[in-house]
Amino acid sequence: MSTSNTTVAAAPLENEFGISFDTKLSVLPEKKGTSGEFRMKYYGFPLGVLFFLLLYLMPLPSGLTLEGQAAIACFVAALVWWITEPFPNYATSLLLMGMLTFFNGWTEDKVLGVFGLEVIWLNILAFILCSTLVKTALSKRAALWIGVRFGHNSLVVLLAFIGLQLFLAPFIPSTAARTVMVLPVMLVIAQVYGSTSENPNNFGVNLFMQNLQGISIFSSGFLTGSTCNIVAAAFIFEMAGSKVYYSDWMFGMLPITIIVMLISWFIGPRWLYKIPKVDRAPKLPGGIDYMRQELEGMGKITPTEIKAAVIFVLVLFLWATDRFHTRWFGFEISAVMAALIGVVISFIPKLGLLKWKDADIPWHVMIFSAGAYAGGLALFESGAARWMVGWLFAVVGLKPGVPFWLVYLIVIAFSMYAHLFFTSKTMRSIIMIPIIIAMAQQLGFSPVSLALPAAFTLTWVVTLPTNAKPNLILYSTGQFTISQNLKYGLTMVTIGTVVMFIAGFTWFRWLGITP
Amino acid sequence: MTTQRNQSVRTLITASLLLLLGLMLPVSVFAQKYTRIAVCNERLAIQEDGSAQVTTALIVTDSSAELLAYPMMFGKQEGLQVLPESVSHEYQLVDEENDRWVLSLTAPGVDTVTLSYTVPNVLNWDEAGPFQFNSYKWGYSFSNWSNSTIDIYQMDILLPQGWNYHRVLKSMPEMDEKETFPPYNFLKDENRDAHLLLIGEDLKLGDECSVSFVFKPVTASTSMIMIGIVLCILYLWYFRFLLVKAKQIETDENQAKANS
């Protein structure tokens, strides 16, 4: 019954304008490359091999094990190949897993065990939940509503999504959950503006990149925005004796996140991936009126859509209230288990909404992410990540007497760009924050003045699809390439560093965070 | 009657006090014989033939005991050689049952004791490996069977020349997942020896400090470089059509620009 409703509702747009409300994420789109991309592919492989050989065969530095050295060499080679794409990214991930095992960068059982990690399961379950929204056409209804309400101009749509991410950030700590909520709507809006996975345009790049950034950057605006924030605050309390309250964090960082996202919204469609004026209006003939007609044509909300909404709200409720679970139920329902509950209900015959064939899981993304996590975890477990942090600070040569602004700049820049190598935010928090606190104490500065601003940047994981779960999920849509992600991400991270640097001597000083 | 009773009470109190004094005296004497090892540095330099040069440096504080019993590394072995010139204190192997050095101290106060000796067959190469990818396994465990608490215990294990640490399998103290630094560190000195420095704190009687690890020979593999070069050449030859495509796209784009 639900299927027939969906098909009837989606048909006119699909047939007349080639717009699909049922984009299959599991099907890899064929893309036309640019001349630069073909050149990168060609030279990327030897470049990766060169990096690997240099790192693997260099004399072992003090403090590093052979295992750590192998993990660094394998990960850097894979990073080069992910960016230049001489092979599809999932093939690079599989190659990385093989290299880690073969060159003894990590043990085989641990490499293969990555596929059982919570992050992979959460991705799989999130995609199934996303399929529920797509199948019941609830996502189409929401997309049309947003299109009618804000869709007169592409820039307004982009701003509306930034506002939506800001609204969701304090309520839903799980970034993957926020992504899954918004993804189906984004897919449809992108198509309305002529951006498909086969032929993505600059509107699609801006829409997906700005949401990717919004999800991660707004997480830094709230103490509860991510586990790594809480871990960092705990370290600052334990090691430096300074309690960081929710309000301290929010007043300190939220204005900065809003400023940076507004900059992203301003420069993205105007300079980085310029949306031509002709593309700023919906591609649909009739534009907003047509979308309004479509929305009206869908009629009243159907029982299947209500079922999907109920399931989704239930999962969101469990995600948003995780801190109260123990008080209510006597145990905590993790993000994965909450998603699992929703998925199980969706699959129950008669009561549910999905059959297995409807579940749209992009397995290539799962393999891609498994490889990325294997690389990141190998760096962490072998001690290579810890060694790299210590080595970088030692190379910079920070000694007592160095002016605060220089130390502050180095710490902020380092914590901003560190996500390029260390995939896990929590691990970065565990490794970096204590080192920064110890360094601040050694240099004679207040630990909070360096550790708290550094902690503010932990969730800014916006440069590569491998940096975080939302990035992977959004990358699976084919709306942007790795190099586009890198360019936009590096630009925003650099802008973020500058804004944080200015804030260090203005806003943070006024708040009493920096001296 | 009252005087008699008073007298017997007095006698009872006096006897009790004497008994108490009698009990306290040996306790106080024993309490004085207390020794604390502030720092214990053990250096174990393993040689290619499997023997090891052992150096133990102890800094003893609050010492009032005349004798310090300290566990011998690897027990009493046949062929155990003690280098007399490097032993700064008189020693005698009296506690054979427990394999402990018993050393005379310059009591009371701070004292430094250094022991240096060679132990054969510390590393049995046949038992150690080779395992997968030409790796070898070994480990060392220290249990504090001395008569003192050790505040800081440092174990420095040097591998033979040409070998390096691959990974630590297990250590005591353990590294908790939430901790920033492990209890061990890998070091190198100028002559490229691989050190593993394990640190334990506040080792009481019977407490253990141990590490087991995998190590491998250091090889600068030219074959790997050759394989890398061959793979790159094959790739560049087989995928040369990518450059052709890139040029084609550029030509098309230039032509389109020229036409417009």
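Predicted model: local features only at pLDDT ≥ 70, side-chain atom pairs only at ≥ 80, totals over all residues.

Biologist: Fine. How many helices and strands are there in chain A?

Modeller: Chain A has 24 helices and 0 strands. Its radius of gyration is 23 Å, close to the 24 Å given by the globule rule for 515 residues, so chain A is as compact as a globular protein of that length.

Biologist: And what does the C-alpha trace of chain A span along its principal axes?

Modeller: About 70 × 55 × 50 Å. Of the 515 residues in chain A, 54% count as buried, and among its contacts between residues at least 6 apart in sequence, 81% join residues at least 24 apart.

Biologist: Let's pick one helix. What is on the buried side of helix 14 of chain A, and what is on the face turned away?

Modeller: The buried residues of helix 14 of chain A are A:Thr304, A:Glu305, A:Ala308, A:Ile311, A:Phe312, A:Val315, A:Leu316, A:Leu318 and A:Trp319. Seen down the helix axis, these buried residues fall within an arc of 165°, so they line one face of helix 14. The face turned away from that buried side carries the exposed residues A:Pro303, A:Ile306, A:Val310, A:Val313 and A:Phe317.

Biologist: How far apart are the end C-alpha atoms of that helix, against what it should span?

Modeller: They are 25 Å apart, and at 1.5 Å a residue the 18 residues of helix 14 (residues 303-320) of chain A should span 26 Å, so the two values agree.

Biologist: Switching to the interface: how many residues of chain A are in contact with chain B?

Modeller: 24 residues of chain A are in contact with 29 residues of chain B. On the chain A side, the elements that give two or more residues are helix 2 (35-57), helix 3 (66-84) and helix 20 (425-443), and helix 2 gives the most, with 10 residues. By type, the residues on this side of chain A divide into 13 nonpolar, 8 polar and 3 charged.

Biologist: Now chain B. Where is B:Val211, and is it buried or exposed?

Modeller: B:Val211 lies in strand 13 (residues 208-217) of chain B, and it counts as buried because it has 22 C-beta neighbours inside 10 Å, where the cut-off is 20 or more. Leaving aside residues up to four places away in sequence, B:Val211 touches B:Gly139, B:Tyr140, B:Val168, B:Ser171, B:Tyr184, B:Leu196 and B:Leu198.

Biologist: Which residues have a positive phi without being a glycine?

Modeller: A:Glu85 and B:Asn121 are cases to check, each with a phi of about 55°. A:Glu85 lies in the loop between helix 3 and helix 4 (89-102) of chain A and counts as buried, with 20 C-beta neighbours inside 10 Å. B:Asn121, in the loop between strand 7 (109-119) and helix 2 of chain B, is partly exposed, with 13 other C-beta atoms within 10 Å.

Methods:
Residues numbered from 1 in each chain as written. Chains lettered and ligands numbered in written order. Helix = DSSP H or I, 4+ residues; strand = E, 2+ residues; numbered from the N terminus. Expected span 1.5 Å × (residues − 1). Buried ≥ 20, exposed ≤ 12 C-beta atoms within 10 Å, placed from the backbone. Arc of directions from axis to C-beta. Contact = placed C-beta atoms within 7 Å. Nonpolar A, V, L, I, M, F, W, Y, C, P; charged D, E, K, R; others polar. Rg over C-alpha atoms; globule rule 2.2 N^0.38 Å.
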